[in-house]
Amino acid sequence: MQKLVIKGGTALEGEIPLRGAKNSALPLMAATLLCKGETVLENCPRLTDVFSACRILTHTGCRCAMKEHTVVVCADSIKLSEIPESMMQEMRSSIVFLGALLGKTGSCRVYYPGGCELGPRPIDLHIEALCRMGARIERCEGRLDCYAPEGLSGCNIHLKFPSVGATENVMLAAVLAKGETVISNAAREPEICDLAEFLRKCGALIKGDGESTIRIQGVKELRGCTHRIMPDRIAGITYLSAVAVTGGKLKLLGAKDARMDNVLPVLEQAGCRIDKANDAMYLCAPKRLRAVSRLRTMPHPGFPTDVQAIIMALMTVAKGVSVFEENIFECRYRHVDGLVQMGAEIYVSGRIAVVNGVNRLCGAHVAATDLRGGAALVIAGLAAEGTTEVRQVHHIDRGYETIEKTLEGVGANILRISQ
Ligand code: EPZ
């Protein structure tokens, strides 16, 4: 068990390099299963979820090696079309291996996935879509036995909700299917575009990614390629916020293509100056942040649910009242208890959270309950007077590469301690 010990109150200043996006890296790693020959993924973050994906690939018989920030995969030697329950439970993204394995081998056995507990996270849309494409999926005691002996066939798939994971799963299943698949009400998140761009480089025929209708014409085979994973927009906002809460200055390197445009205006409204030049983004924060107008989480291009906790941490010390409305997940205010323990004034009622900014937070002993909520507690700890301890760091390690080193590099007093 490890914890982060933070002594807050120092204005942070310096540079942080932005790595590739976790939520892009994981479906891309699943996609490597579909390719012949070698695939090279560059700018891959060194995260526990990425290591889990490497283990899944290796388990199926693929060659998968990660050296620094490059992952090399060769799926030519794939032997097993089955992922053990323990591996599926390590993260939510394990479920995108379903579409890839089924598309590649015509049958697979997987289990319900794990991941952050944000309320119910069903996979009905994934299953319904794959069944429409001709798969037979039998559910038994948490296990999914999936068959498509004749191969999958393209068809029209309308998603009731623009689910990111379901869109990715259908894309992975459709690239090698017979005929055309048309996904309507598809997710439009930037990570969907990164997956489509990768698949096109491998030979797939995909149009419309980034829009609500994606068209995929199945091809006979895909060949591995070299792809640089898009920068992590959620990590980018986290680091900008970590510095902003301390009234500091940041140069965020590698941020040019990070697609943060739906959140940067919020930081500007809070009083931060943001400039872009070449591949970097510069943030200069005021001494005290201002409250922002009501934030409603929505599918992309709306305000992302993944930064709701992060911006809430900022608003705990901003001047004025901010209101949040969480519309994607039922249980995504689990960080509120920790923030309140640190002196924040937050009132939650159903999907609404009202934050009355206080003059100062005080260090406290708190626990991360999920990835972004954990990052929010770290941000609050950087602003708080005194010492904050954040337990359950494994949640944070799923999405931030050695967060203590990154923040130490810009002047934070933060240590990781093994208990
Ligand atoms: C992805 O999760 C991200 N994870 C999440 O980021 C992110 O919060 C989420 O998209 C929304 O942007 C990864 O990319 C690995 P969804 P995903 O399917 O794909 C409902 C992080 O912090 N739904 O778009 O699981 C679901 O219950 C993580 O990095 C169904 O009802 O999200 C939820 O309410 C956390 N049936 C909504 O849709 C389904 O079959 C959005 O889920 C699928 C989803």
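Guide: We may begin with Arg 259, which is found in the loop between β16 (249-253) and α9 (264-269). Helices (H or I, at least four residues) and strands (E, at least two) are DSSP runs, numbered from the N terminus. This is a predicted model, in which local features need pLDDT of at least 70 and side-chain atom pairs count only at pLDDT 80 or more, while totals for chains, interfaces and linings use all residues. Residues are numbered from 1 along each chain as its sequence is written, and side-chain values use heavy atoms, with hydrogens and water left out.

Visitor: Why does Arg 259 count as partly exposed?

Guide: Buried means under 20% relative accessible area, exposed means over 50%, and partly exposed lies in between (1.4 Å probe, protein chains only). Arg 259 is partly exposed because its relative accessibility is 41%.

Visitor: What makes the phi of Arg 259 worth noting?

Guide: Most residues other than glycine have a negative phi. Arg 259 is not a glycine, yet its phi is positive, about 55°. Asn 43, also not a glycine, has a positive phi of about 60°. Asn 43 lies in the loop between β4 (38-42) and α2 (48-59).

Visitor: Why does Asn 43 count as buried?

Guide: The relative accessibility of Asn 43 is 7%, and therefore it counts as buried.

Visitor: What kind of peptide bond joins His 300 and Pro 301?

Guide: The bond is cis, with omega about 15°. Most peptide bonds are trans. Pro 301 has its place in the loop between β19 (295-296) and α10.

Visitor: Which helix holds Gln 308, and why is Gln 308 called buried?

Guide: Gln 308 lies in α10 (residues 308-315). The relative accessible area of Gln 308 is 1%, so it is buried.

Visitor: What makes the approach of Gln 308 to Glu 326 a polar contact?

Guide: A polar contact is a pair of N or O atoms within 3.5 Å; within protein, one must be able to donate a hydrogen and the other to accept it, and residues adjacent in sequence count only if both atoms are side-chain atoms. The side chains of Gln 308 and Glu 326 make such a contact at 3.0 Å. The side chain of Gln 308 makes another polar contact, at 3.1 Å, with the side chain of His 335.

Visitor: How do you know which residues surround the ligand?

Guide: A residue is near a molecule if one of its heavy atoms lies within 4 Å of it. There are 24 residues around the ligand, and the closest are Asp 124, Ser 163, Val 164, Asp 306 and Ile 328.

Visitor: How much of the ligand does the protein bury?

Guide: The ligand taken alone exposes 830 Å², of which the protein buries 88%. Accessible areas come from the Shrake-Rupley method with a 1.4 Å probe; for residues, only the protein chains shown count as cover.

Visitor: Which elements give two or more residues to the shell around the ligand?

Guide: They are α1 (22-31), α5 (124-132), α6 (164-174) and α12 (371-383). Of the elements, α5 gives the most, with 3 residues.

Visitor: What makes α1 mostly covered?

Guide: In α1, 9 of the 10 residues are buried. Among them are Lys 22, Ser 24 and Pro 27.

Visitor: Where is His 158, and why does His 158 count as exposed?

Guide: His 158 has its place in strand β10 (residues 156-158). His 158 counts as exposed because its relative accessibility is 56%.

Visitor: Where is Glu 68, and why does Glu 68 count as exposed?

Guide: Glu 68 is found in the loop between β5 (63-67) and β6 (70-74). With 63% relative accessibility, Glu 68 therefore counts as exposed. Its C-alpha atom is separated by 8.4 Å from that of Cys 44, 24 residues away along the chain.

Visitor: Where does Val 110 lie, and why is Val 110 called buried?

Guide: Val 110 lies in strand β7 (residues 107-111). Its relative accessible area is 0%, so Val 110 is buried. Val 110 and Asp 145 are 35 residues apart in sequence and 6.7 Å apart in space, C-alpha to C-alpha.
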